[in-house]
Amino acid sequence: MTSTDPSSVRVDLDTNRVVITWRDGHESRYTGAYLRWTCPCAACRGHAPGQVEPPRFEDVRQVRLLGAGPVGSYALRFDFSDGHDSGIFSYEHLRRSCPTTRDDLDEAGEPVPGNADDAHA
Ligand SMILES: [Zn+2]
């Protein structure tokens with residue numbers, strides 16, 4: 001059973017990474033660029049599939065995390081260096097988009113060119 005409850009959340013602005021350890025023991029590591037790429041907000045995803053053009057990884061590769069904070073007990077929000085801050089990253093979304101469980105990313109957690117135009121897992 002995949003857990004969507006975190007047991008610890010570490011935000012490291014110096015290395016531009018967020019590390020979440022889940023209650024089932026799995027550890028997920030996200031870069032700022034990856035989080036920006038998978039931002040679930042309406043401006044990035046639209047309210048329905050196909051409504052807006054999601055960001056492409058190439059467009060957000062340089063984006064860094066400037067800050068982070070909790071949203072209630074169910075989500076995190078992030079301040080990105082491109083000024084974007086409207087995404088509410090539920091733990092369910094974060095677990096589902098965990099880079100280590102995707103097979104279309106390279107070892108650095110970045111999409112393999114031409115193989116991952118859609119950020120949704
Ligand atoms: Zn967004």
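## A tour from strand to sheet to loop

Start by selecting L65, which stands opposite F80 in β5. This is a predicted model: local features need pLDDT of at least 70, side-chain atom pairs count only at pLDDT 80 or more, and totals for chains, interfaces and linings use all residues. Residue numbers start from 1 along each chain as its sequence is written.

**The sheet around L65**

Now select β4 and β5 (residues 75–80). Six bridges join these two strands, which run antiparallel. Strands here are DSSP runs of E with at least two residues, helices are runs of H or I with at least four, and both are numbered from the N terminus. Two strands pair if DSSP finds at least two bridges between them. Strands of a sheet pair through backbone hydrogen bonds, either parallel or antiparallel.

You now have an open sheet of three strands in the order β4-β5-β6, with antiparallel pairing. β4 (65–71) and β6 (88–90) stand at the edges; each has a single partner strand, so one side of each is left without a neighbour in the sheet.

**A loop residue**

Jump to N16. It sits in the loop between β1 (6–12) and β2 (17–22). N16 is not a glycine, yet its phi is positive, about 65°. Most residues other than glycine have a negative phi. The cut-offs: buried means 20 or more other C-beta atoms within 10 Å, exposed means 12 or fewer, and partly exposed lies in between, with C-beta atoms placed from the backbone.

Select A43 in helix α2 (residues 42–45). A43 is exposed, with 11 other C-beta atoms within 10 Å. Then pick P55. A43 and P55 are twelve residues apart in sequence and 9.9 Å apart in space, C-alpha to C-alpha.

**Zoom out**

Show the whole protein chain. It has four helices and six strands, in the pattern β-β-β-α-α-α-β-β-β-α along the sequence. The C-alpha trace spans about 35 × 30 × 30 Å along its principal axes. Of the 121 residues, 22% count as buried.
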